[in-house]
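User: I would like to learn how to read confidence, cores, domains and contacts in a model. Please take me through them in turn.

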Amino acid sequence: MTLQEIEQLVFTEIGRVSTAKELEEIQHTYLGRKGHLTGILRGLSLLSLEEKRDVGGKANALRVRIETALKERLEELKDKQEERFFDITFPGEKIVTGHLNPLTLILKEIEDIFISFGFSVVEGPEVETEFNNFDALNIPANHPAREMWDTFWIKSQIPNPKSQRSLLRTHTSPMQIRYMMTHEPPFRIIVPGTTYRYEATDARHEMQFTQVEGLVVGEDVTLANFKAVIEAFFIRLFAQKVEIRLRPGYFPFVEPGVEVDATCPRCKKKGCELCKFSGWLELGGAGMVHPNVFDAVKYNPTEVQGFAFGIGAERFAMIKYGIPDIRLFRAGDLRFIRQFKI
Amino acid sequence: MKFSINWLKDYVDIALSPQELADVVLLHSLEIEGVETKGDDTYFDVALLPNRFPDAANYIGFAREISAVTGGDFKAGHIFKKGKKLNTATNFSVRVENKEDCARYSGLLMPGVEVKDSPIWLKERLEANGLRAINNIVDATNYVMLELGQPLHAFDYEKLDKGIIVRRARDKEEMITLDGREVELTNEDVVVADHKQILAIAGVKGGKVAEITGATKTILLEAANFDPDRVVRTTRRIGFTTDASQRFKYGIDPNMTEIALYRVAELIQKIGGGGMGGFLDAYPNRVVPKVIAFSVKQYEKLVGEPIAPREAREIFRKLRWVIKKATKEVLWLEVPAWRRDVERFEDVVEEVVRLYGYDTLESKTLKGVSLHARRDDQLHYVRKIKERMAGFGFDEIYSYSFIPEAWQEVCGEGTLVQLENPISTEYHYLRPSLIFPLFRALESNVKFFGDIKMFEVGNVFSRERKEEGIIERTKLAGMITRENGGDSLFYELKGIINELFRVCGVEQVEYRLHKELWHGVFIPSKTADVYVNGVYVGYVGFISSRWLGRFDVAHDVVAFEFDLNTFFPLTQREQAFIPFSKYPEVMRDISFVVDVGVRIDELEKVVYQAASELLIDIDLFDMFEGERLGAGKKSLSFHLTFRSDNKTLTSEEVTSDLTKIIVALRDRFSIEIR
């Protein structure tokens with residue numbers, strides 16, 4: 001074949017092929033060891049110097065053009081192959097991950113907010129002494145205030161124990177005592193934990209639930225500081241502007257004592273089922289630490305002051321996630337738990 | 001307590017609508033739990049906690065509070081002003097044996113009364129407040145109790161013998177109450193008696209003997225101040241409470257006996273005639289009003305906002321407290337005896353701040369950064385573990401800390417923590433392990449799901465035999481089940497545990513033969529005790545079908561439990577980069593047949609012993625049994641990975657190690673290379 005013949009044929013052939021295999025064959029036919037163009041290049045040695053230069057130059061140029069055409073055609077074929085039918089709506093492979101209980105989720109949110117305010121997070125035992133749970137918190141035996149906490153008592157092994165009776169803590173407040181007995185102010189802590197009340201359960205009451213206690217003590221910690229902290233906390237937790245309302249409340253371990261209300265984040269104060277059409281939600285109790293509590297932990301009440309508060313974790317989860325019944329948290333029902341994914 | 005607005009208006013001017021009033025009271029005074037309109041009247045349901053019960057759980061006290069928070073005129077002040085005193089009755093005496101039992105006992109004689117029905121208005125007010133009308137005398141005492149909070153009692157004077165003695169009952173002394181209950185008393189109970197017999201259980205209930213009847217002509221009215229503790233203990237012992245005992249429980253101002261007696265006598269004269277015959281009073285220790293110094297500086301220090309002395313004075317005027325002395329910064333206040341809850345400066349601060357209004361208090365950011373704030377390490381770790389478990393496909397449950405009484409057989413009663421007052425036999429003991437509540441969750445979930453992976457982190461409770469101390473530990477436990485799960489469930493869970501441990505920086509994990517912990521719950525031969533760095537941390541294994549049968553679970557279940565208090569110190573919380581080898585790994589596979597009874601860890605131990613330090617990993621990737629291999633045999637295939645940190649390994653070096661491994665395995669386990 002002459003160079004002209006090759007040139008006429010090869011590019012048409014390349015344009016006609018539809019598989020990589022055919023391309024390989026074309027390459028073999030023209031550029032292979034015994035290929036047509038290879039033959040011409042081999043035959044160059046027989047020619048005169050001038051012809052060598054002329055034919056050799058043309059042949060080499062043609063070789064480069066063929067190689068380029070082959071490569072391009074191969075890419076084209078690959079592209080075409082990738083374009084074949086593919087169903088992007090075919091279901092993906094199922095990856096199974098588990099779910100954290102909404103109680104864990106809400107506690108994480110609460111803890112993280114207080115950590116960002118410079119609070120330490122500490123824990124205490126669920127079985128407590130009568131002293132830590134009541135006496136040291138200014139709730140002496142026989143005081144009618146004790147009736148505010150229905151208590152699970154632990155059965156003693158000894159018939160008439162001289163030591164303190166044990167109980168399941170009715171609030172996280174005994175950790176105030178434990179912490180102050182072993183630490184010096186100033187400090188800021190929160191104490192998340194399980195608490196117990198001896199009472200019949202219904203959609204809003206549980207015999208076992210979760211509290212988060214807060215305690216801030218220093219030389220000049222004020223009630224106005226508490227208002228700022230709790231306001232900032234609610235705004236962060238509900239991720240919206242809420243108003244705070246403090247009103248008189250009674251907890252023997254604080255004085256003054258306050259109830260903490262916030263504007264209903266669901267209806268924004270307009271009134272709805274959640275807030276019983278009052279526009280406000282009761283979200284916790286708080287106050288300035290009672291001097292008798294400081295006395296009990298051997299702090300000097302004339303030198304230190306501070307605030308304490310208690311909030312219910314389930315209540316926040318119920319508001320935030322729209323959970324209608326407090327008993328769902330501990331029912332172990334996966335139909336419930338598997339809904340919480342974020 | 002329920003309050004009628006119309007009735008309250010007898011004692012205080014109210015210009016606000018009921019809803020407006022409720023809002024003001026809620027913000028400055030007491031919690032209003034309900035507002036209900038009936039006919040032309042509106043009723044408030046007011047929550048009265050122990051601090052405000054003594055002064056505000058009565059109409060006049062609540063009206064005084066309304067006056068303080070609204071500025072409305074208080075119209076009942078004259079009731080508290082002592083009029084001229086009556087002569088002391090001469091032929092009748094009152095004596096209190098223990099002054100601790102009764103701070104004050106006052107009586108008033110009224111001859112010539114006519115016992116009859118009360119007028120309609122009185123009946124209506126009592127009934128609206130949940131009290132039954134009986135006769136004009138009894139109704140008047142109840143009415144004044146509602147007005148002033150002081151319980152009153154009326155005796156038929158003709159039936160009394162010589163005088164009143166407030167004393168302890170004799171053991172097993174009996175009496176019959178007005179409502180016909182026979183009560184046996186003890187020496188711990190205080191009674192009101194005459195010289196012959198018991199007339200009433202002090203502060204709780206009157207008796208039949210001196211009951212007012214239609215024939216009664218002269219009455220003795222009683223207003224006393226009994227010891228709260230004694231009253232409470234007696235009501236607990238005899239098993240019932242009354243309106244009166246509830247009021248004594250919270251304590252009453254001793255001044256009230258006299259005030260209430262004159263008030264009720266006046267009322268009786270209006271509705272039943274009679275005269276005031278004589279006053280009797282046993283009042284050994286007069287209460288002295290407390291004087292508390294209120295400093296505006298100290299107030300500002302505690303509250304975080306100043307109060308002008310002028311404003312403070314105005315608040316105390318509204319509260320009807322007397323300022324005994326004043327300087328520029330300090331007011332010395334005489335706290336009225338009706339405010340038994342006000343004992344110290346901080347209590348006065350509360351009065352000022354609540355009346356001034358918490359809403360006007362401006363928020364102020366906490367000063368200073370807290371550089372030593374830190375999160376409890378274990379708490380932080382628990383959170384990470386939970387997130388990992390969810391990543392492994394586990395759902396997190398929370399359960400109750402209580403287990404049924406019936407489960408003590410498997411737990412061993414001796415170490416269980418028992419409740420004094422369990423709520424039911426279903427919630428009888430504190431859980432000694434998280435495993436048990438997980439079964440309850442399993443039972444309810446198998447109805448809906450075949451494939452379950454769940455876990456819990458929580459505290460468990462036990463005690464050493466005979467010892468007082470209760471041991472509380474934090475555990476992590478979990479369970480997996482699946483239809484046709486079989487043996488692979490165990491290995492799946494084991495893989496998860498190993499990975500969990502790895503990401504906690506735990507290197508050395510060992511599975512050893514199980515020592516039975518809960519009787520009959522696990523299959524001992526299919527359960528392993530887990531050790532980390534040689535320390536026991538928990539167990540993992542198959543649940544016995546006998547135990548699963550209790551919960552209607554038909555599929556295999558594998559469960560585990562670890563003690564996080566033990567595990568946590570064994571974990572690593574710091575990590576560092578280790579330079580990787582520049583030289584390639586060489587992998588060789590080895591397949592052989594061996595007796596079924598040979599355990600993988602035995603084989604691995606021999607392999608590591610035989611090889612040089614170039615062997616860095618062994619990985620079992622295939623195992624099967626079959627007729628082809630012969631009975632009692634299994635085929636195993638391992639990947640062996642070799643690597644050096646300082647050179648590229650030659651084929652000869654690896655082959656030399658491999659040969660040593662094969663020889664050792666042949667010697668020890670008679671393996672046949674496939």
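User: What is the average pLDDT of chain A, and which elements of chain A have the lowest and highest means?

Analyst: This is a predicted model. Where pLDDT is low, the predicted coordinates should not be read in detail. For chain A the average is 92, and 98% of the residues score at least 70. By element, the lowest mean in chain A, 86, belongs to helix H3 (residues 36-42), and the highest, 98, to helix H9 (residues 291-296).

User: Which residues touch the most other members of the largest nonpolar core?

Analyst: In soluble globular proteins, nonpolar side chains tend to be buried together. Here the largest nonpolar core has 235 residues, and those touching the most other members include A:Phe307, B:Val191, B:Ile219 and B:Leu438. Helix H9 (residues 256-272) of chain B contributes 9 residues, the most of any element. A separate second core has 12 residues, among them B:Phe638 and B:Ile671.

User: What does B:Ile219 touch?

Analyst: Leaving out residues up to four places away in sequence, the contacts of B:Ile219 include B:Met110, B:Ile137, B:Phe155, B:Asp156 and B:Ile212.

User: How is chain B divided into domains?

Analyst: The assignment gives domain 1 (2-80), domain 2 (93-282), domain 3 (298-357), domain 4 (377-570) and domain 5 (586-673) of chain B. The C-alpha centres of domain 4 and domain 5 of chain B are 35 Å apart.

User: How many residues does each chain bring to the contact?

Analyst: Chain B supplies 73 residues and chain A 64 residues. On the side of chain B that touches chain A, 33 residues are nonpolar, 16 polar and 24 charged.

Conventions:
Residues are numbered from 1 along each chain as its sequence is written. Chains are lettered from A and ligands numbered from 1 in the order in which they are written. This is a predicted model: local features need pLDDT of at least 70, side-chain atom pairs count only at pLDDT 80 or more; totals for chains, interfaces and linings use all residues. pLDDT is the predictor's confidence in each residue, from 0 to 100. Helices (H or I, at least four residues) and strands (E, at least two) are DSSP runs, numbered from the N terminus. A nonpolar core is a set of buried Ala, Val, Leu, Ile, Met, Phe, Trp, Tyr and Cys residues joined through C-beta atoms within 7 Å. A residue is buried if 20 or more other C-beta atoms lie within 10 Å of its own, exposed if 12 or fewer, and partly exposed in between; C-beta atoms are placed from the backbone. Two residues are in contact if their C-beta atoms, placed from the backbone, lie within 7 Å. Domain bounds come from an automatic or database domain assignment. Ala, Val, Leu, Ile, Met, Phe, Trp, Tyr, Cys and Pro count as nonpolar, Asp, Glu, Lys and Arg as charged, and the others, Gly among them, as polar.
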